[in-house]
Amino acid sequence: MRMRHAVIGGLLALAYVLSPSAHAALAGQESVDMAVQILAEGRLDDGRQALVEAATALPPVEATRLLRMAQTLAALHPGMRPTAARAIVLAHRGSVDRATDALVEAVEAADVAEPGQGAALLVFAARLAETADQHERSEALYTRVVEGHRESASWPEAVLALSERRLAAERDLSSAATDLEDLIVERPTHPLVPTARLVLQRLQEAIGR
Amino acid sequence: MSPAPRAVSRIVDTVRGYVNSRARLGLAAWVAAAVAVVLALAWILVGSEGWRAGTPLPLLLDLLIVLALVQAWRELASRRERWLAERLVSRSVERAAGLPRGTVLESLELERAVPKGTSAGLANLAVQQTAAGLTGSPSHLAGQSGRLAEGWARSGLKALAVTAPLTLLALGLAPERAAQAWAGLLRPVQLLAGEVLPPLEVMPGSVEVARGTPVEIDVVAVGREEVTLHWRAVGDVPRSRVGAVENEQARFPFPSVDVAMDYWAQAPDGAVSDVFTLAPADPLLVTDVQVSLTFPPHTGRTAEEYRGVVPRLAIPFGTRLRIVGRASRPLGSAGLEEAGGGTSARFDVSGPSFGGDWTPRRSALYEWTFLDARGERPGVVPAPLDVVLVPDAFPSLRVLYPARDTVIPITRRQPLVVDVRDDYGLDRLEVEAFRGDGPERTVQPLSLGGVPAAIARPLLDLSQWSLVPGDSVLYRVRLIDNSPAGQTTQSDVHILRVPTVSDLRRDAQAELEDAVRRLEELADRARQEAEGARPTDASNRAGDPMEFGDREQARTSLDRQREMSREVEELSAELERLAAAMQDGGLADQDLQKDLQELQELLNEMNSDDLVQQMQDLEESLSEEDARRAMEELRQMMENQEEFRQMLEESLERFRRAAVEQDFRATREEAEELARRERALAEALREQDNPELRNRQQAALEAEAETLQQRMERLQDNLGELGEQVAQRSAQEASTSTEQARQSMREASEAQSGEQAGERAEQAADQLQQAAEALEQAQDRMAEELTKQVQAALQQTAEGALALAERQAELRDQMRGATREEMADLRSDQAAVTEGARNMSRNLEEGLRFSPMDAPGVSELIDDAQAESERTAEALGRRGSNPSPAASADRTVHALNRLAMSAMNAADQVAQASAQQQAGGEQSQEQMDQLAEQQADLMNQSAQMMPMQLSQQAMAQQMQQMAQGQQAVASDLGEMSNDPGGEQSMADMEAMAQEAQAIAELLAGGRLDRETLERQERLFHRLLEAGRSLEREEDEESEERQSEAPGEFERGQISPLTDADLGRARFPLPSAAFLARLTPGERRLVLQYFERLNRPPGEIR
Amino acid sequence: MQLLTVLAVIAVQAPSSGSDAPAGAEGTLTIARLQYDGGGDWYANPSSLPNLLRAVRDRTGLPVATREAVVKPLDASLRNHPYLYMTGHGNVRFTVAERAALRDYLLTGGFLHADDNYGLDESFREEMAAIFPDRPLVELPPDHPVFHGVYDFPEGIPKIHEHDGNPPQAFGIFDRGRLVVFYSYESDLGDGWEDVDVHEDAEDIREQALRMGVNLFLHAIGQRVP
């Protein structure tokens, strides 16, 4: 019986490996690895391009993650890019903590050219922390952006993410609602504002309860 | 012996006279008495009614009177004989005197003659004694005789005394009777014969009447009761007719007198009139009038002829009329006279014929004048001859193209299209081109061969003229007709301008500013339309029938929208024309061309297919009276209108920016050009070669600097309005520098020495250059800002897309395994994602608003992502949907990822393009355009330097600079020609490079003349054309093809035309008049009925 | 040296008899060439219309003018001409007012023949769609009376010159059964009407073009206005 299960399992595994999605998955993973490697070598533009190309071979949700990284690299000031690239490499190789720390250090260092850049790095770090299920750290980073980087392009994302966490945890609901209201008023055309309205509605319902 | 004195004779004569008088008295008395008796008898016999006709009494009484008179005379005669006998008288006298008998008698004898032997004295004594014895009155001496005479007289008087009173009594009693009676005595014979009637009068007597006319003969027959008219017509038997006399007149009508006839009247009383004649007369008739027209030769008209009725003659001046005709009788004269007096024409007359030639000199109504040989006028005259002389009109011409002052194409050949016409024929057309008072002047005749109309297409070829930018050529078209006078018409003088680059730039700016103004007006109207449309929207509720007022308002709204759409189209077409004109004029400004293209596309987008379709649908629904559909279409159209209005506002912003950017470019170029010229002038001032000329030139440049400064100030204002503070500050700096330059120029004019003037001028040139550089920097910064803005917009789009993608991924995870209710709850989250995509789209549009680039791929991907999100939302609401909500969510994530990639890619391209521009590594076509622009600058410089008449040294410096510029063009062309990847179209790159090199050498050698300028210009044209060739290859634009004979082809199947194709309804609608009589409700029902009848079979709505 | 060069020959025949009247003279029947904006060469094929008019005159006896007239859509004299002709290689563009004027003219008895000289198609179709949004261009089948007036064209419109290798097509717009617009596409009738030496076409090709032109003219003039 065990043998039969093993054979069946092996055949299934073989089938998966031979299947197109499996090929694709394998091919995608290799591309990501290659892209990260290029970043590790310091070739930031090529690495970014490679990330984008690798994303095309991945399922949509995973592709989004890669594209996020590529976009972050593109949006950052050239001076900040090496820091972000290093963080990507570290995170990909499993060292999310170190990646996050590196990003936070870069922000706290005096060489951040613009406040927006700092916020972008902090949000990037928060996302990395989320992928590693470091929710508290992620929340702390989002809070830092919400409170300290109101003018940055990353502020709306941080507000929404923080508010959703607070709603899920049912704490600081009023504060979350206030933040969302501010977001809706100050950035009414942001793509995340419609979602923010929904979350605000739920917050208000929760507050009402 | 003498007789004795007649004393006794005298006495005897006296006595005799006395007796005679008594006798006469008696006679008269007796006659009077007889007359009185007769009168009385007449009074008695006449009766109360007067004498009866035929009565003899008056005659008898008259006879009585006559008898009495005769008798009385006889009596008198006899009594006188007795009484007046000498013997008796002598005896009476003797007796009366008592003389012896015979005394008297003897005395008388003695008195007569003394007998012989008697003494005369004794005789005389005897007589005297006798005479002395005769004393007494004659009446006494008359004696017996006297007594008898006296007695007779006395008896007569007595008779009269008796009869006269009787007569007087009769007269007093009945005077009328007496008158009648005694009047009858005066005409006794008439009375005896009966009444005498007046003669017959016959009218009209002997006359000539027109043949065939009726005549009435009147016979006046006083006292008659009837009268007979007798007549005898020629060739007919005598006839008569009796006519009753009424009011003393009898009338005899004759209906028609065709032949001569004699006639007379006769009364029953035997009275007969004279014989009269009625003669028919023929009127003088003029027949066979023939008018032949011979037109002047230049009119080319063939002769015409009219017989009988001659219509109104509208004839050219100089037409000769030949007139001939005949009359019914010999004529005395024939002619034409102007009605109301004036000119006339006389024709030759021969018997009844007339004829002659006449060339009228005035337009008038000419009446025929004819007189026959007797001087009578005709009864019927031909209708007057209405002659209108049409003067030969001046020829007319209309220059159809270009029909206005314009810029001459770079080929220096301007096609003209001229519509020429004349009433008769054209001889030739002349195109005259000249330059003010310059020597160049030419006239080119073009024979038109006498045609009356043509479309002439001469080509004004000025390629051999030495024209440089800034020159103007005047031209006009002259047209001469083929009349002997050679009448001429001239067109207006038009100007062909050879534009300077500066002119072209300012023209482009002016056009853009005009477009801004028009768009502003359009935007105002769109705003008003949007505000005005709201009540309609509010008043129509779904399901209610559309009221007439609402329908009309909807139609008005539709019409206005159509109008606005068309104006936008027109504006787009004008931009296209502007781009072509700028290129034709030789303005190689890539930025301007890009701007114009982008603005055109923006305008074309405003009239989106959706809006056009909406308008069509609304039109259909209104015409079909489909109220519900109409309201729906109207609502949708209003939404599209809102979008239209927003795009209009955005376009307005873009246009304003484009106009300001063009102003920027033009101002900068002008500053640079001015700096160059000022620098050249500085050299000349240093040399002091022609102080007066230099002062004038300096003053002219200072004036241009002032204008430039004003432009800069205006530019500052415009930049401020656009919110470009940085650029505004730069413009201010430039304005300040220009002001300083002007000051320096003034100082240069006032400088004491040439060296000083040169320094100041050099300073001014530097300041102007600074101004140009400030503007350039500002422009660059503006461009940089714009690029950053675009990049930021794209990056934000990428960020937004990824954020939404992550959000969608979270939702997807929630969808897996969710219940139906949970799925339904997720719909609002999904809707938020869709709304987020819309926000992204709007943000991207806003971000690219002022950018010359657009990102159509990105916009489409946003739409795709939006669509996928909507499908996911639908899947969430449908049970058992395929694909499942989760799969649909995956696709949404995928779409958002693609969007993010595209946005990132676009941002990268923007950054690369910006870097490339800075690094100078353009594509071939762009390189070519840039070279063309450089060449245009060089050309401009040369054109500006030439008229400055600089000294050799000053010119040499300028020439060196220009030579270097030209050399740079040659080098770039050389490199491009060596490019191994070069295309076929670059085959003549080497030739152009060589040409550029040759020109550079000429400039370096100090040669700047018209020929050099023309060579520069030709090179510029070739560069421009080479750029266009590349563009054409890229755009696969088709060219004018050579005509080819048709090859093989296969015709497709063509369906028969339906009633709908033919615009026909199977069942025609009732007429408009019928429909107008119905109420609106009835009309709607009727139209709906017919609409249903005319629907194609099987169509269900 | 010649400073002015005439490139276009005025293709006008002197009137042979006094009965020929100038173009556009009041009361004289002629074809009016439509002048339009947009950059297209509305004045192309200068000898075509005089040759067509002569063919109409010689073959039908109709007293038409020797020359065409030229009108713009907003000219007051537009209504004097029942037959409009337009051609060109390029862009056709009418203003709002011009479209309204043309629509009014065509729906109240006027007629337009548009002849694609190659390149006119796109802009012309756009303009027609704007002028007649309610009436599309429909292809005329070979049995339409316009192909069987004086001369017979059993297969429809003839092909005179090659454009894109497509079959020739005739499109029309109708109003209550009356043909108000005739659009010849991939045919190039105007080229066929030009003088012999312009395109050096074969005689039969020219003859086909002229016959079709005669048919068209008579059909247009002879239609009853509903």
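Which residues do ring pairs link into a cluster?

Author: The cluster is made of B:F347, B:F354, B:W368 and B:F370, linked by ring pairs. Before going on, note that this is a predicted model: local features need pLDDT of at least 70, side-chain atom pairs count only at pLDDT 80 or more, and totals for chains, interfaces and linings use all residues. Residues are numbered from 1 along each chain as written, chains are lettered from A and ligands numbered from 1 in written order, and side-chain values use heavy atoms, without hydrogens or water.

Now back to the rings. Over all chains, the search finds 15 aromatic pairs (rings of Phe, Tyr and the six-membered ring of Trp, centres within 6.5 Å; stacked under 30 degrees between planes, edge-to-face over 60, tilted for the rest).

Another pair sits in chain C. C:Y183 and C:Y185 are tilted, with 35 degrees between the planes and 5.9 Å from centre to centre. Both C:Y183 and C:Y185 are buried.

C:E186 has a positive phi, near 60 degrees, and it is not a glycine. Most residues other than glycine have a negative phi, and most peptide bonds are trans. At 1% relative accessibility, C:E186 counts as buried.

B:E248 is partly exposed, at 44% relative accessible area.

Next, two cis peptide bonds in chain B. The bond from B:M203 to B:P204 is cis, with omega near 15 degrees. B:P204 lies in the loop between β1 (201-203) and β2 (207-210). The bond from B:Y401 to B:P402 is also cis, with omega near 0 degrees. The loop of B:P402 lies between β18 (396-401) and β19 (406-407).

Now for charges. Side chains of opposite charge can pair when their charged atoms come close. The count over all chains is 103 salt bridges (a side-chain nitrogen of Lys or Arg within 4 Å of a carboxyl oxygen of Asp or Glu). One of them joins B:R224 to B:D269, with the closest N and O atoms 2.5 Å apart. This pair links distant parts of the chain, 45 residues apart: B:R224 is in the loop between β3 (215-220) and β4 (226-233), and B:D269 is in the loop between β7 (261-266) and β8 (276-281). B:R224 is buried, at 7% relative accessible area. B:D269 is partly exposed, at 41%.

B:E868 and B:R891 form another salt bridge, 3.7 Å from N to O. Here two helices are linked: B:E868 is in α18 (856-877) and B:R891 is in α19 (885-919), 23 residues apart. B:E868 is buried, at 12% relative accessibility, while B:R891 is partly exposed, at 42%.

In B:D419 and B:R421, the side chains meet at 3.0 Å, N to O, in a salt bridge. B:D419 is buried, at 4% relative accessible area, and B:R421 is partly exposed, at 23%. Salt bridges also form a network, which links B:D427, B:R428, B:E430, B:E432, B:R441, B:R476 and B:R478.

Last, look across to chain C. Contact (heavy atoms within 4.5 Å) joins 63 residues of chain C with 55 residues of chain B. The count between these two chains is two salt bridges. C:R99 forms a salt bridge with B:E569, with 2.8 Å between the closest N and O atoms. On the side of chain C that touches chain B, the elements giving two or more residues are β1 (5-6), β3 (69-71), α2 (96-107), β6 (138-139) and β7 (169-175).

Note on methods:
Helices (H or I, at least four residues) and strands (E, at least two) are DSSP runs, numbered from the N terminus. Buried means under 20% relative accessible area, exposed over 50%, partly exposed in between (1.4 Å probe, protein chains only).
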